[in-house]
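Hello,

Here is the structure I promised to pass on. Please look it over, then read my notes below.

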Amino acid sequence: MIKGNCNSLSTTAATSLLDVLMDADKFEVASCMRYCSRMLPNLPMTCESALLYLDLPSTVLMAEAVQPLTDAAKQFLAARYKDITKFP
C-alpha cells in the first residue's frame, strides 16, 4: 500500500516502491529515485526481491542512485548461492 501527499511517501511493499522508482525514472524525479533506492535495501531481502531489483529496466539500473540497491541484491544472491558448485 502506498500512502502519500505532496511531500511524503510511505509504503509497506517492495513491489510498490519499485513501481514508484520506475515512475520516478520515467518522469525524471531524481529525489524520489534516491528515496526509493535508500528505502528498498531496508526491507527484508529475498531471492525474489533481489531478482526483481536486478531485472529493472536498463534506464533505472544505470541511475547512480540505484547502484547501492543493485549491489546489495548481487551480494545477497552471491552469498546465498556461493556453494552452488558443491554437491552433497
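Helices (H or I, at least four residues) and strands (E, at least two) are DSSP runs here, numbered from the N terminus. On that basis the chain has five helices and two strands. Their order from the N terminus is β-β-α-α-α-α-α.

Some ground rules. This is a predicted model: local features need pLDDT of at least 70 and side-chain atom pairs count only at pLDDT 80 or more, while totals for chains, interfaces and linings use all residues. Residues are numbered from 1 along each chain as its sequence is written, and side-chain values use heavy atoms, with hydrogens and water left out.

Burial and surface

Buried means under 20% relative accessible area, exposed means over 50%, and partly exposed lies in between (1.4 Å probe, protein chains only). Buried residues account for 27% of the 88 residues in the chain. The chain exposes about 6200 Å² (Shrake-Rupley method, 1.4 Å probe). Carbon and sulfur atoms supply 59% of that area.

The core

A nonpolar core is a set of buried Ala, Val, Leu, Ile, Met, Phe, Trp, Tyr and Cys residues joined through side-chain atoms within 4.5 Å. The largest one has 19 residues. L18, L21, M33, L40, Y53, L56 and V66 touch the most other members. Two or more residues each come from helix 1 (14–26), helix 2 (30–39), helix 3 (47–54) and helix 5 (67–80). Helix 1 gives the most, with six residues.

Contact means heavy atoms within 4.5 Å. Leaving out residues up to four places away in sequence, L18 touches L40, L52, Y53 and L56. Across the chain, take the contacts between residues at least 6 apart in sequence: 48% of them join residues at least 24 apart.

Helix 2

M33, C36 and S37 are buried in helix 2. Seen down the helix axis, the buried residues of helix 2 fall within an arc of 100° (by the directions from the axis to the C-beta atoms), so they line one face.

Cysteines

Which cysteine sulfur is closest to that of C32? It is the sulfur of C36, at 4.2 Å, too far for a bond. The structure holds zero disulfides (pairs of cysteine sulfur atoms within 2.5 Å). C47 is buried, at 14% relative accessible area.

Helix 5

K74 sits in helix 5. K74 counts as partly exposed because its relative accessibility is 48%.

Best wishes
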